[in-house]
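Have the sequence and model open as you read.

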Amino acid sequence: MELRAGGLGDPRVRALIAHHLAESRASTPAANAHALGAAALDRSDIDFWAMWDGEELLGIGALRMLDADHAEIKSMRTAPAHLRRGVARAILAHLIAQARTQGCARVSLETGTMPMFDAANRMYEAAGFVDCPAYGGYPASPHNRFMTLAL
């Protein structure tokens, strides 16, 4: 597995982002679905990575700087054919390391509360993330879970 910076122009990456958006939005009310599309991920305050095995896309993840010492994990997704192979754990570890490298004191994330998010929530908990209040302008809701990790 190899993490590569960028790749938002790759059709395989765009397809995985579209899949992520479709599934996330199918299980969460529109006002509470905060996943970003490819265009929204292509910003100067967001670093995007794709994990590959040769030319096969395994997963994606992004890190958004909220301020000088607080980063947010965005758009974590494993390609369906590669679930349960450690892809998400490896991407998460990389994003946390990047936040540390950038001098962050904490990294946060917003995820869902529906059953499709259970495996991701267990992974975040195992990595040391704890529940926190809504942040960054997100509205609190029973459909969203906000988590943070002190670095």
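Cys104 is buried, with a relative accessible area of 7%. The model is predicted. Searching the whole structure turns up zero disulfides.

**Cysteines**
- For Cys104, the closest cysteine sulfur belongs to Cys132, 14 Å away, which is too far for a bond.
- A disulfide needs the two sulfur atoms within 2.5 Å.
- Seen from Cys132, the closest cysteine sulfur is that of Cys104, again at 14 Å and too far for a bond.
- Cys132 is buried too, at a relative accessible area of 18%; the cut-off for buried is under 20%.

**Largest nonpolar core**
- The largest nonpolar core holds 22 residues.
- Leu63, Ile73, Met76, Leu92, Val107, Tyr124 and Phe129 have the most contacts inside this core.
- At least two core residues come from each of these strands: S2 (46-53), S3 (56-67), S4 (70-78), S5 (106-112) and S7 (144-150).
- Helices H3 (87-101) and H4 (118-126) also supply at least two residues each.
- H3 gives the most to this core, with seven residues.

**Around Met76**
- Which residues does Met76 touch, not counting residues up to four places away in sequence?
- Met76 touches His20, Ile60, Gly61, Ala88, Ile91, Leu92, Leu95, Met123 and Tyr124.
- Of these partners, Leu92 and Tyr124 are also listed among the residues with the most contacts inside the largest core.

**Second core**
- A second core is separate and has 17 residues.
- Its members include Ala35, Ala38, Leu41 and Ile46.

Key: Residues numbered from 1 in each chain as written. Predicted model: local features only at pLDDT ≥ 70, side-chain atom pairs only at ≥ 80, totals over all residues. Heavy atoms only, no water. Core = buried A, V, L, I, M, F, W, Y, C linked by side-chain atoms within 4.5 Å. Buried < 20%, exposed > 50% of the residue type's maximum accessible area, 1.4 Å probe, protein only. Helix = DSSP H or I, 4+ residues; strand = E, 2+ residues; numbered from the N terminus. Contact = heavy atoms within 4.5 Å.
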